[in-house]
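I'll jot down what I look up, going from the whole chain to single spots.

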Amino acid sequence: MSTTSEPAAPPPHVLIVGAGLGGLLLGALLERANIPYTIFERAAIVKPFGSAMSVGGQLMGVFRQLGIYEKYCEIAKPFTLNIAIKESGEQVLEMDYKPAEELCGYQNLIVARPLLHKLLLDQVPSEKVLFNKRVQTIAEENDKVRIGTADGSTYEGDILVGADGAYSGVRQRLYEILLKEGRLPKTDREDLPFQCTCLVGQTDKLDLEVFTQLKDPNYPFFTTMCDDKPFVFTLFTTAQDTICWTIIRFHDAKSTKAALEKEFRQADNSEWGPVAAQFMCDETKDIPIVLGNGKMTLADIFDCTPMDRTSLVMLEEKLFQTWYHGRTVLLGD
């Protein structure tokens with residue numbers, strides 16, 4: 001007596017929109033699981049934007065599964081202390097991360113975001129990442145999902161993942177469909193509000209005789225709360241003898257991206273990005289820092305930071321109710 005069985009269904013083909021950290025991490029996991037996928041990125045090249053990223057027990061197990069745990073440890077720097085101070089240097093607060101290490105079994109490590117991005121990008125075959133692919137349309141038909149890009153191309157798969165940031169094109173297209181069907185909650189139609197803007201960057205490799213703190217592998221990172229200005233900033237020393245920095249500006253009231261862009265246009269500034277970033281640098285350049293020879297200010301950090309490694313972002317605060325529908329799911333920012 002012989003029996004026959006149905007052939008196994010092929011694994012789903014996953015379309016991932018966005019080659020940021022979330023999209024690349026998902027791609028690396030699918031690569032490891034031998035599940036077919038394609039990543040679509042609207043930018044023409046990978047830009048080295050960002051400051052420092054802290055990765056600990058929440059991801060180390062995943063990094064072990066991907067076989068990149070040791071590589072990550074090689075480029076990252078462990079830390080245990082974050083000390084909050086005033087401009088005068090007076091200590092306000094000390095946060096010890098050792099209990100987190102004891103709880104989860106992994107150190108907390110700081111790495112420059114561009115290095116983490118490159119590490120994940122290296123796990124994905126180059127032919128599976130398509131650049132200059134801005135998604136303009138999405139549609140579902142016959143148990144498939146199809147996307148159309150600005151260059152006139154179309155691609156078909158089984159699952160669509162929008163990992164393309166806070167202003168996700170996938171989310172916007174998905175919400176347009178749900179809005180026509182009368183199924184989109186009112187709160188999901190509202191703009192993303194924010195009350196903080198954030199300037200980030202990373203210096204070139206620094207002179208260890210000037211920035212002697214970089215010699216200490218256990219040097220804490222400091223968060224400075226400005227006395228009479230709406231700024232808080234943090235300086236992170238890295239394993240590459242650079243400093244990653246983050247400056248947060250607190251605004252008096254919540255705003256939106258559209259409102260802030262209008263404000264800059266009315267001030268005769270032609271571009272949101274570089275003009276606004278330089279403006280914030282000028283506002284903060286005279287604030288003293290704890291690194292260096294004790295007489296330095298943020299201007300010394302800016303002078304060591306190439307402009308193409310500086311960016312200004314908005315820290316949006318919104319929880320969308322709708323994060324999946326049909327064969328589409330949203331991931332990340």
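Before counting anything, I note that helices (H or I, at least four residues) and strands (E, at least two) are DSSP runs, numbered from the N terminus. I also remind myself that this is a predicted model.

**Entry 1: the whole thing**

I count nine helices and 19 strands in the protein. I looked up the extent of the C-alpha trace too, and along the principal axes it spans about 85 × 55 × 35 Å. The protein has 333 residues, and 41% of them are buried.

Then I checked the contacts with a separation of 6 or more: 70% of those in the protein are between residues 24 or more positions apart.

**Entry 2: surface and charge**

The accessible surface comes to about 18000 Å², and carbon and sulfur atoms hold 52% of it. For charges, I get 34 positive and 46 negative side chains. The centres of these two sets lie 4 Å apart.

**Entry 3: looking for empty space**

Rolling a probe the size of a water molecule over the atoms shows where empty space is left. How many cavities of 30 Å³ or more are there? I find one. The largest cavity holds about 60 Å³ of space.

I wrote down its lining: Lys-77, Pro-78, Phe-79, Ile-110, Tyr-219, Pro-220, Phe-221, Phe-236 and Thr-237. Strand E4 (77-79) and strand E15 (231-237) each give at least two residues to that lining. E4 has the largest share, with three residues.

**Entry 4: Ile-247**

I picked Ile-247 next, which sits in strand E16 (residues 243-255). Buried or exposed? The cut-off for buried is under 20% relative accessible area. Ile-247 has 1% relative accessibility, so I put it down as buried.

What does Ile-247 touch, if I skip residues up to four places away in sequence? My list is Thr-197, Cys-198, Leu-199, Phe-231, Val-232, Phe-233, Met-280, Thr-284, Leu-298 and Phe-302. I followed up on Thr-197: it is 50 residues from Ile-247 along the chain, yet their C-alpha atoms are separated by 8.3 Å.

**Entry 5: helix H5**

Last stop is helix H5 (residues 113-121), where I find Pro-114, Leu-116, His-117, Leu-119 and Leu-120 buried. What covers these buried residues of H5? The cover includes three helices, H1 (21-32), H2 (57-66) and H3 (69-75). It also includes the strands E3 (52-55), E7 (108-112) and E13 (194-202).

How values were computed: Residues are numbered from 1 along each chain as its sequence is written. This is a predicted model: local features need pLDDT of at least 70, side-chain atom pairs count only at pLDDT 80 or more; totals for chains, interfaces and linings use all residues. Side-chain values use heavy atoms; hydrogens and water are left out. Buried means under 20% relative accessible area, exposed over 50%, partly exposed in between (1.4 Å probe, protein chains only). Contact means heavy atoms within 4.5 Å. Accessible areas come from the Shrake-Rupley method with a 1.4 Å probe; for residues, only the protein chains shown count as cover. Lys and Arg count as positive and Asp and Glu as negative; His and the chain ends are not counted. The place of a charge is taken as NZ of Lys, CZ of Arg, CG of Asp or CD of Glu. On a 1 Å grid over the protein atoms alone, a cavity is a set of points where a 1.4 Å probe fits but cannot get out, and a pocket is an open set with protein on both sides within 12 Å along at least five of seven lines; lining residues have an atom within 4 Å of a point. Grid points are joined across faces, edges and corners, and a volume is the space filled by probe spheres set on the points.
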